[in-house]
Amino acid sequence: QGFALGLLNSLVAVPLVSKGMLEPLLELQGKDEDRQDNLLKELIIMQMLMDSEAAGNVSVSSLRSVFPVLVGAPHDKGHAGYPYTGNLFAQGSPAIVKHLS
């Protein structure tokens, strides 16, 4: 409930999309036995709020934009790219890259 209320009262949502966030979603099959995923719930709520606004419905939310940020795994200390993250498309599993493309 807390994250839903936070989204309702936010102007902009900036979900960080990473391999660790996406891999559990690939396991979901749309069945009652699937485990609940709070990140997926947040994404669905964001989409519903944006679709409602786009359809011209009376807005129940302040949310006006969603800007997902794709991030790769963090580089280790000593790596030339430290303290930044890598490229999700280069580091992600082939299944994730297939689903994103």
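Helices (H or I, at least four residues) and strands (E, at least two) are DSSP runs, numbered from the N terminus. This is a predicted model, in which local features need pLDDT of at least 70, side-chain atom pairs count only at pLDDT 80 or more, and totals for chains, interfaces and linings use all residues. Residues are numbered from 1 along each chain as its sequence is written, and side-chain values use heavy atoms, with hydrogens and water left out.

**Figure 1. The protein chain has five helices and four strands.**
From the N terminus on, the order of elements is α-β-β-α-α-β-β-α-α. The chain has 101 residues, and 22% of them count as buried. Buried means under 20% relative accessible area, exposed means over 50%, and partly exposed lies in between (1.4 Å probe, protein chains only). Accessible areas come from the Shrake-Rupley method with a 1.4 Å probe; for residues, only the protein chains shown count as cover. Take the contacts in the chain with a separation of 6 or more: residues 24 or more positions apart account for 56% of them. Contact means heavy atoms within 4.5 Å.

**Figure 2. Confidence in the protein chain is highest in strand 1 and lowest in helix 5.**
The score is pLDDT, the predictor's confidence in each residue, from 0 to 100. Its mean over the protein chain is 83, and 88% of the residues reach 70 or more. Strand 1 has a mean of 93. Helix 5 (residues 94-100) has a mean of 66.

**Figure 3. A nonpolar patch lies on the surface.**
Its members are Leu-11, Val-12, Val-14, Leu-16, Phe-67 and Val-69. Together they have about 550 Å² of accessible area. Patches are made of residues with over 30% relative accessible area and no salt bridge; like charges are joined within 9 Å, and nonpolar side chains (Val, Leu, Ile, Met, Phe, Trp, Tyr) within 5 Å. Leu-11 sits in the loop between helix 1 (2-8) and strand 1 (12-13). At a relative accessible area of 58%, Leu-11 is exposed.

**Figure 4. Val-69 belongs to strand 4 (residues 69-70).**
Val-69 is partly exposed, at 32% relative accessible area. Beyond its neighbours within four places in sequence, Val-69 is in contact with Val-14, Pro-15, Leu-16 and Val-17. Pro-15 is 54 residues away from Val-69 in sequence. In space, the C-alpha atoms of Val-69 and Pro-15 are 6.3 Å apart.

**Figure 5. Helix 2 (residues 19-26) has three named buried residues: Met-21, Leu-22 and Leu-25.**
Seen down the axis of helix 2, its buried residues fall within an arc of 85°, so they line one face of the helix. The arc is that of the directions from the helix axis to the C-beta atoms. An α-helix has 3.6 residues a turn, so residues three or four places apart point the same way. Met-21 is buried, with a relative accessible area of 7%. Leaving out neighbours within four places in sequence, Met-21 is in contact with Leu-16, Leu-39 and Leu-43. Leu-40 is 19 residues from Met-21 along the chain, and their C-alpha atoms are separated by 9.1 Å.

**Figure 6. The structure holds two salt bridges.**
A salt bridge is a side-chain nitrogen of Lys or Arg within 4 Å of a carboxyl oxygen of Asp or Glu. One joins the side chains of Glu-23 and Lys-19, at 3.9 Å from N to O. Both residues lie in helix 2, four residues apart, about one turn of the helix. Glu-23 is partly exposed at 31% relative accessibility, and Lys-19 is partly exposed at 34%. Another joins Asp-37 and Arg-35, at 3.2 Å from N to O. Asp-37 is buried at 8% relative accessibility, whereas Arg-35 is partly exposed at 45%.

**Figure 7. A cis peptide bond joins Tyr-82 and Pro-83.**
Omega is about 10° at this bond. Pro-83 lies in the loop between strand 4 and helix 4 (88-91). Tyr-84 is also placed in the loop between strand 4 and helix 4. Tyr-84 is exposed, with a relative accessible area of 59%. Not counting residues up to four places away in sequence, Tyr-84 touches Pro-74 and His-75. Tyr-84 and Pro-74 are ten residues apart along the chain, with 6.0 Å between their C-alpha atoms.
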